[in-house]
Amino acid sequence: MRKLGDHVAVRQPEDIFTPKTIVSREMFARRNEADLHGNPGLQDNLCDALRDRGGQVLIFGDTGVGKSSLIKYAAEDESLEAVTIECLSSKSYADLIEDGLRKLIDVREVKKTSTASASAEVEASGKAPFLLTLKGKLQGKYDRGREFEIVSKPPLDALLEAMKATGNKLLIFDNFQNISNQVDRSLIAQTMEFLADKSNETGDIKAVVIGIAEDASSLLGGSGSFRRRTTEVGVPRMPDDEIVEILKRGFMKLEISISDPIIRQLVFYSDGFPYFGHLLGLQVSRAARREGVDSVTVEMVETALQRAVKDVDRSYRERTRKAFEVGGQVQPRRRILEILSISDKREWRSADVISAYEDRFERRSDYAFLHTSLAQLIDKKHGSVLARSGARNSYIYRFSDPQMRPYLRLTAFRRHLT
Ligand SMILES: Nc1ncnc2c1ncn2[C@@H]1O[C@H](COP(=O)(O)OP(=O)(O)OP(=O)(O)O)[C@@H](O)[C@H]1O
Ligand SMILES: [Mg+2]
C-alpha cells in the first residue's frame, strides 16, 4: 500500500477492483434479486439450502456473474468451512477427491490398493475401485501438527474423515463444466446422493457443484432421486443497481470522485456482469491514478475502455468482423446488432427486431431482408454471433455467447456522454 503524507493510507485500484478473482468481503454486494427461476432472494435461498439437513446444492449461471463469490460469502455467513476443489478437465473423479484431501492434509505417504470386494458405495461404479492408505499431518490452518492416518478406505470416506477432523462442512466442486467425462460426472451426482443419505453420520457434510451452464440439468442431469435432494440455484446477471453500488463503493474507497453519468455509462457497458464492472472500475481508477488526479474525466474513460477491451476474449473481434458488412448503405446485420446491443432485453422475436428497427432507423414495406440477415447472424460464416431457438415462425434470438454484448457495447456501440 502506498503512503501519502504521514497517516493516510492510499489504496490501490487492484486492492479494490478484482475482475480476475473472487470479490473481497468489503466489495461484496449482497445478492437478493430473484434467481434464474424467478424466486426472489437469491442469497437467502442459497443460505437456506446450506442449512437443509442432507440437502445438496447446484449453482449454475453464465461466466462472470458471481457464482464463486456468492458461495464463498454465503458459506461464511452460515459459518460453514469449505474445501474447494477446482475441476480441471484433465482430472478424474478420483483425482478430484485426492485434491480435496491434499487441501486438508500434508500428505506424507499414500498407497492405493485395488480391491475386488468394493465396499466403496460410490467408487464402485467407476473404473477399477480402489482403497487408500494415507499418512500425513492436518494442515497448519486446521490443527498444527496433528497426525492424520487412515488405512484402506475408499477415497471419499477418507476425504469425509479429513473434513470431519478439520471441521469442514462443504465440499465445493467449482468450474464443474470442465468435467466432460460422463463417468466422472455421474460419480459426482452419486456422491451427492450418498452425502444426502449419510448426513447423520457425516454431521451434514454437503457437496456444492458450481458451473457455467444455462440450466441445472445441462450441468448435472440426473435421476429424480438425485434432483429431489438438490437445491438448484441459478445465478442471474446482476441488476444494474447492484453494479452502480459496486462502482460507487469502489471509487469511494479509492477516494476518486466520479460523476453519475460516467457511472451510468460504465454500468451500461457492464451489461449485468459484475466481472465487467470490476474490469472497468479497475481500468478507470488506474487511469486516474496514473495521471495523479482524484476525479475521473471523460478522456480517462476512453483510455480505460480501450484497455478493458484487450482483456476480453480475443475471438470476439474476429467474430464481429465477420458479422458486420464491409460496406453498403443499409448494412442490416450491423443495424440488427446495434439494436440488440443497446436493447434492455436479452431475447427477441423477429417482430421485436422489426419494431425496434422502425423506431431506430426507418419504416419499410417489406422486411424479408431483416429475416435473411437475422438468419445469417446465426451462421458460422458470419461469426455465429446470434443463436436461435423455438419453432419456425416463432423463433427467439439471443446472443450465442453472453459476453458478446458487453463486448459490442464497448467496441462498436458506445454510449456517448452528452
Ligand atoms: N456480489 C458481488 N459483489 C461485487 N462483486 C462481485 C460479486 N460477485 C462477483 N463479483 C465480481 O465479479 C467477477 C466475477 O465473479 P466470480 O468469479 O465470482 O464469478 P463466476 O460466476 O464464478 O465466474 P466464472 O464462471 O468465470 O468462474 C469478479 O470480478 C468478482 O470480483
Ligand atoms: Mg467461478
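1. Cover over helix α2. In this predicted model, the buried residues of α2 are covered by elements that include the strands β3 (56–61), β8 (168–174), β9 (206–212) and β10 (230–234), together with helix α3 (67–77). The helix itself spans residues 42–51, and its buried residues are Leu 42, Gln 43, Leu 46, Cys 47, Ala 49 and Leu 50. Viewed down the axis of α2, these fall within an arc of 160 degrees, so they line one face of the helix.

2. Gln 43. This residue lies in helix α2. Its relative accessibility is 1%, and because buried means under 20%, Gln 43 counts as buried. Leaving aside neighbours within four places in sequence, Gln 43 is in contact with Phe 28, Arg 30, Arg 31, Asn 32, Leu 70 and Asp 77.

3. Arg 30. One of the contacts of Gln 43 is Arg 30, which is found in the loop between α1 (13–16) and α2. Arg 30 is partly exposed, with a relative accessible area of 43%. Not counting residues up to four places away in sequence, Arg 30 touches Gln 43, Asp 44, Asp 77 and Glu 242.

4. Helices α16 and α17. Two packed helices are described by the angle between their axes and the distance between the axes. For α16 (residues 332–342) and α17 (residues 350–360), the axes come within 10 Å and cross at roughly 95 degrees. The two helices are therefore roughly perpendicular to each other, as angles of 65 to 115 degrees count as such. On the α16 side the contact involves Arg 335, Ile 336, Glu 338, Ile 339, Leu 340 and Ile 342; on the α17 side it involves Val 353, Ala 356, Tyr 357 and Arg 360. Seven of these contact residues are nonpolar, none is polar and three are charged.

5. Tyr 316 and Tyr 407. The structure holds 13 aromatic pairs. In the pair of Tyr 316 with Tyr 407, the ring centres are 5.6 Å apart and the planes stand at 70 degrees, so the pair is edge-to-face. Tyr 316 lies in helix α15 (residues 315–323) and Tyr 407 in helix α19 (residues 404–410), so the pair ties together parts that are 91 residues apart in sequence. Tyr 316 is buried, with a relative accessible area of 3%. Tyr 407 also counts as buried, at 6% relative accessibility.

6. Tyr 357 and Phe 361. These two form an aromatic pair that is tilted, with 5.3 Å centre to centre and 45 degrees between the planes. Tyr 357 is buried, with a relative accessible area of 0%, whereas Phe 361 is partly exposed at 26%. Ring pairs link Tyr 357 and Phe 361 with Tyr 367 and Phe 369 into a cluster. Tyr 357 is also one of the α17 residues that meet α16.

7. The chain as a whole. There are 19 helices and 13 strands in the chain. Taken along the principal axes, its C-alpha atoms fill a box of roughly 75 × 70 × 35 Å. Of the 418 residues, 50% count as buried. Among contacts between residues at least 6 apart in sequence, 70% join residues at least 24 apart.

Key: Residues numbered from 1 in each chain as written. Chains lettered and ligands numbered in written order. Predicted model: local features only at pLDDT ≥ 70, side-chain atom pairs only at ≥ 80, totals over all residues. Heavy atoms only, no water. Buried < 20%, exposed > 50% of the residue type's maximum accessible area, 1.4 Å probe, protein only. Helix = DSSP H or I, 4+ residues; strand = E, 2+ residues; numbered from the N terminus. Arc of directions from axis to C-beta. Contact = heavy atoms within 4.5 Å. Axes fitted to C-alpha atoms, helices over the stretch in contact; angles between N-to-C directions. Parallel < 35°, antiparallel > 145°, perpendicular 65-115°, else oblique. Nonpolar A, V, L, I, M, F, W, Y, C, P; charged D, E, K, R; others polar. Phe/Tyr/Trp six-rings, centres within 6.5 Å; stacked < 30°, edge-to-face > 60°.
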